[in-house]
Amino acid sequence: MAPADPGRSAEPAPVRDVPPGEEAEEVRRFWGRLGLPGLVDVHTHFMPERVLRKVWDYFDALGELTGGVEWPITYREEEAERTARLREFGVRAFTAMLYPHKPGMATWLNGWAADFARRTPDCLHTATLYPERGVEAYVREAVEAGARVFKAHVQVGAYDPADELLDQAWGLLAEAGIPVVIHCGSGPAPGKHTGPEPIARVLARHPRLRLIVAHMGMPEHEEFLGLAERYGEVRLDTTMVFTDFTERLMPFPRHALPRLAGLGDRVLLGSDFPNIPYPYVHQLHALERLGLGDAWLRRVCHDNAAALFALGVRPTGAASGP
Ligand SMILES: [Zn+2]
């Protein structure tokens with residue numbers, strides 16, 4: 001991890017506490033004040049129940065990928081309650097981020113995610129991949145089945161994203177213009193292939209690939225900002241970044257805020273719901289207190305993703321085809 005940034009002197013303004021019963025109202029007030037039809041959250045986790053339980057057990061046990069940090073899950077609820085909660089918040093569209101940690105798992109996860117998208121019309125049909133034989137075929141199948149977004153997890157999967165086995169899959173996704181949310185930064189804990197270097201190699205081969213760097217690539221925020229500045233299709237999601245929790249561990253370097261403002265059309269709201277150790281609304285307040293202005297917030301919390309996924313301006317529930 002980089003040493004503490006000397007330019008970062010002032011502590012961010014504290015975020016207000018919102019009683020749980022009033023959270024939905026506060027979230028709606030946030031986007032209502034901006035004149036938005038709701039939020040689009042590109043980084044929410046839905047997965048087969050027993051996989052999600054394992055993830056929660058992992059956080060409970062302070063698994064090493066959590067960086068050994070206390071990580072109480074705020075929304076440990078049944079699936080129906082979790083989707084209902086996002087709708088209460090006014091999240092128009094969200095994703096089902098799921099990912100394999102070993103070979104032979106991705107097609108099963110993709111089958112589950114296709115079914116989840118069918119019964120959850122406000123979820124963007126999500127799929128995943130892993131460097132293994134047959135990956136190109138199942139990625140193509142998922143795309144033909146209507147997948148709108150992919151998730152890749154370099155840290156949990158412990159693979160090199162520039163692995164030759166993935167080359168054709170990346171090419172296919174680049175050509176189809178389908179975004180891939182990729183956890184590739186070395187936070188909260190580094191993996192064998194995390195960091196900007198392997199991603200730079202992927203982008204050198206596939207410069208049009210629509211990578212959405214999860215967590216803004218923390219703690220290598222600046223290197224990943226650099227990749228987004230270099231490649232026009234690279235985007236960053238805000239997942240957990242700027243929150244009190246994350247600022248204590250891997251603070252966003254304040255001197256890089258102007259670069260973040262400059263990339264205002266390529267920053268997307270992500271939250272990590274439901275696996276977050278604080279209320280959802282805190283992520284929104286954390287973005288607001290950056291002081292980058294309402295126009296920036298509008299783009300980040302809705303417009304950029306609405307354009308990327310061609311969501312139109314119709315509210316959730318209305319048929320919103322591409
Ligand atoms: Zn996540």
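How are α5 and α7 oriented to each other, roughly parallel or roughly perpendicular? Keep that in mind while you tour this predicted model.

Stop 1: Select residues 40-310. UniProt, in an unreviewed entry, lists this stretch as "domain: Amidohydrolase-related". The chain here is 43% helix and 10% strand. Its end C-alpha atoms are 12 Å apart.

**Stop 2: the sheet.** Show strands β4 to β9. They form an open sheet of 6 strands in the order β4-β5-β6-β7-β8-β9, with parallel pairing. Now pick out β4 (126-128) and β9 (267-268). Each has a single partner strand, so one side of each lacks a neighbour in the sheet.

Zoom in on β8, residues 235-237. This strand pairs with β9 in the parallel sense over 2 bridges. Click aspartate 237, then leucine 268 in β9: the two are bridge partners.

**Stop 3: a covered helix.** Select α12, residues 280-288. Here 9 of its 9 residues are buried. Among them are Tyr280, His282, His285 and Glu288.

**Stop 4: a helix pair.** Finish with α5 (residues 135-144) and α7 (residues 167-176). They pack at an angle of about 20°, with axes 8 Å apart. An angle under 35 degrees counts as roughly parallel, and α5 and α7 are therefore roughly parallel to each other. Their crossing is right-handed. To see the contact, show Val135, Glu136, Val139, Arg140 and Val143 of α5. Then show Gln168, Ala169, Leu172, Leu173 and Ala176 of α7.

Conventions
Residues are numbered from 1 along each chain as its sequence is written. This is a predicted model: local features need pLDDT of at least 70, side-chain atom pairs count only at pLDDT 80 or more; totals for chains, interfaces and linings use all residues. UniProt positions are given in the numbering used here, feature names are shortened, and annotations may be inferred rather than shown by experiment. Helices (H or I, at least four residues) and strands (E, at least two) are DSSP runs, numbered from the N terminus. Two strands pair if DSSP finds at least two bridges between them. A residue is buried if 20 or more other C-beta atoms lie within 10 Å of its own, exposed if 12 or fewer, and partly exposed in between; C-beta atoms are placed from the backbone. Axes are lines fitted to C-alpha atoms, for helices over the stretch in contact, and angles run from 0 to 180 degrees between N-to-C directions. Angles under 35 degrees count as roughly parallel, over 145 as roughly antiparallel, 65 to 115 as roughly perpendicular and the rest as oblique. A crossing is left-handed if the near helix is turned anticlockwise from the far one by less than a right angle, and right-handed if clockwise. Two residues are in contact if their C-beta atoms, placed from the backbone, lie within 7 Å.
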